[in-house]
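Here is a short briefing for someone meeting this structure for the first time. Please look over the sequence and the model before reading on.

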Amino acid sequence: MKKLFLVLPLVFLLAFAACGGNEADAPGGDQQAEATAPPTTTEESPAVNRWGLPIELGGGRLHEARDFGEKTLVIGAWWDTPIGAIAWGEEPDRATSTNYPVARMMWDNARRVEEVFNVRFEPWVVGFDDYLPTLFSTVIAGVPAADVVILEGWMQLEAMGSIIQPWDNANLPNSDILGAQVFGGPRTQNDAGVWAIYQHGVMAESFGLGINLDLINAEGLPNPIDLFEAGEWTWEAMLDIMRRATRDTTGDGVIDQFGIAGQPGEIVQHLIAANDGTMVDYNLNYGFSHPNTIVALEFAQQIFGERLWYAEAGGIMDTGNWNRNFYSGFEDGVAAMFPSIVWAFQNSPPAFNFGFVPFPTGPNNRTGNTWSRGTLQGVCVVVGTSWDVADILILLEELYSWPCDEPELLFEAGGIDWLRDHFLTEEDVQRVVYAGITSAADIGRDIDGYYWVLGDFASHFWNNEMDVMQAVEYHRGPRQEMLDQRFR
């Protein structure tokens with residue numbers, strides 16, 4: 001199984017020198033700066049960077065610098081630093097910063113952009129529940145509250161065309177995001193264009209399986225992490241561990257230890273993706289009858305039908321009890337595995353020794369995908385902004401270019417520190433990074449209520465009410481109607 005390794009510390013030396021970082025903060029001092037000085041310019045061969053752009057752009061890094069007359073670019077989100085330290089925020093402090101070299105590079109670059117382009121950045125913050133309605137009302141009134149906004153995938157679907165416009169409207173021939181994609185790229189696009197963009201980096205909120213290592217070791221079970229690293233992590237191996245872990249540990253006739261815990265519909269969702277199945281097909285129709293999806297649902301039927309899942313007291317499955325079902329694996333410590341994501345570890349850190357491993361791929365998997373997500377969160381340009389779309393793109397690309405000639409540093413910023421704060425080993429962090437690049441996008445996850453059927457499937461299997469084909473056909477009509485209302 002391939003491992004993904006991040007940037008070596010030496011990169012920091014190169015990046016500071018290449019970007020002209022603060023000499024007091026750059027390791028190596030004058031000697032390092034001299035060793036990485038840019039090439040000289042000759043009349044025959046002007047100095048260019050690795051992307052063919054002139055070294056001297058009047059202070060711009062990817063684009064010719066220009067004066068925007070202290071105009072303000074308003075960036076909207078439901079938290080106060082939607083583009084984080086690359087646009088604004090407190091100056092990093094070496095004594096308290098978790099990753100000072102990177103934080104300093106982002107801060108210095110943002111100040112460069114403000115000075116060289118004579119521009120200001122300002123946040124627009126509205127609570128999550130009121131965020132989209134407020135944005136819609138201001139755009140419809142002709143006075144958009146922000147020029148660019150962060151939108152979740154389902155928000156993007158609601159806003160396309162009337163509230164946000166395609167980034168393709170930018171006439172920017174040398175765009176990085178719409179071209180080489182060194183520092184960032186499209187997040188959401190369709191036949192109408194690119195609707196959301198984002199800088200490259202670690203997908204910290206990647207789903208996989210938390211492993212209760214204390215339970216695994218106490219029972220003498222195969223360690224899923226070892227199996228993953230050996231390339232032997234399969235559905236068969238997962239099922240074997242779940243079966244062996246599920247037992248009565250006290251001799252009172254009641255099963256009190258289980259193979260897997262967690263939100264039932266979420267387990268089904270990621271198994272479908274791990275077998276290259278789909279919830280919605282390419283024609284935007286009900287997709288649960290796809291052969292790969294059927295195989296995944298049959299595996300889910302084994303898990304729930306054999307009672308390998310940690311239910312509520314009395315063997316009850318209440319798929320609406322999100323808190324109990326989701327956090328049961330973290331809080332109770334009686335299941336070998338449980339779907340996991342970093343923010344859950346932050347909210348409810350386990351009291352036992354744990355690890356992280358991606359979901360195993362199914363027998364029909366050809367992509368390497370291990371879990372399912374909806375459309376990714378991204379930066380969208382608002383209809384009615386007073387800014388030219390190309391100018392906004394220039395500024396964002398300049399902000400995103402903070403790593404200079406070492407774009408690999410994008411994977412040492414933001415989410416990676418969050419992961420390191422909540423996982424126990426660097427190896428776990430690297431497996432989360434791997435999961436981030438093995439995610440399957442399924443638009444069914446973005447349609448309100450559509451994917452709730454996954455919990456219904458789990459309930460049918462748990463209560464022995466329907467087999468797979470019966471359940472798939474039973475829910476076809478209502479779910480197809482949801483798709484027709486949304487797309488037709």
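A salt bridge here is a side-chain nitrogen of Lys or Arg within 4 Å of a carboxyl oxygen of Asp or Glu. The model is a predicted one: local features need pLDDT of at least 70, side-chain atom pairs count only at pLDDT 80 or more, and totals for chains, interfaces and linings use all residues. Residues are numbered from 1 along each chain as its sequence is written, and side-chain values use heavy atoms, leaving out hydrogens and water.

**Salt bridges**

- The search of the whole structure finds 15 salt bridges.
- Glu398 forms a salt bridge with Arg112, and the closest N and O atoms are 2.9 Å apart.
- This pair links distant parts of the chain: Glu398 lies in helix α14 (residues 389-400) and Arg112 in helix α3, 286 residues apart.
- Helices (H or I, at least four residues) and strands (E, at least two) are DSSP runs, numbered from the N terminus.
- Burial goes by relative accessible area: buried means under 20%, exposed over 50%, and partly exposed in between (1.4 Å probe, protein chains only).
- Glu398 counts as buried, at 0% relative accessibility.
- Arg112 also counts as buried, at 14% relative accessibility.
- Arg104 forms a salt bridge with Asp108, with 3.0 Å between the closest N and O atoms.
- Both Arg104 and Asp108 lie in helix α3 (residues 100-116), four residues apart, about one turn of the helix.
- Arg104 is buried, with a relative accessible area of 6%, whereas Asp108 is partly exposed, with 25%.
- A network of salt bridges links Glu91, Arg104 and Asp108.
- Arg420 and Glu412 meet through their side chains in a salt bridge (3.2 Å, N to O).
- Arg420 counts as partly exposed at 29% relative accessibility, while Glu412 counts as buried at 7%.

**Helix packing**

- Helix α15 (residues 415-422) has the buried residues Gly415, Ile416, Asp417 and Leu419.
- Those buried residues of α15 pack against α13 (342-347) and α16 (426-436).
- Contact means heavy atoms within 4.5 Å.
- The axes of helix α10 (residues 264-274) and helix α17 (residues 453-462) come within 7 Å and cross at roughly 105°.
- Axes are lines fitted to C-alpha atoms, for helices over the stretch in contact, and angles run from 0 to 180 degrees between N-to-C directions.
- Angles under 35 degrees count as roughly parallel, over 145 as roughly antiparallel, 65 to 115 as roughly perpendicular and the rest as oblique.
- α10 and α17 are therefore roughly perpendicular to each other.
- On the α10 side, the contact is made by Pro264, Gly265, Val268, Gln269 and Ile272; on the α17 side, by Leu454, Gly455 and Ala458.
- The residues of the contact of α10 with α17 divide into five nonpolar, three polar and no charged.
- Ala, Val, Leu, Ile, Met, Phe, Trp, Tyr, Cys and Pro count as nonpolar, Asp, Glu, Lys and Arg as charged, and the others, Gly among them, as polar.

**The sheet**

- Four strands form an open sheet in the order β8-β9-β7-β10, with mixed pairing.
- β8 (258-260) and β10 (354-357) stand at the edges, each with a single partner strand, so one side of each has no neighbour in the sheet.
- Two strands pair if DSSP finds at least two bridges between them.
- β8 pairs with strand β9 (residues 335-340) in the parallel sense, over two bridges.
- Ile260 has Met337 of β9 as its bridge partner.
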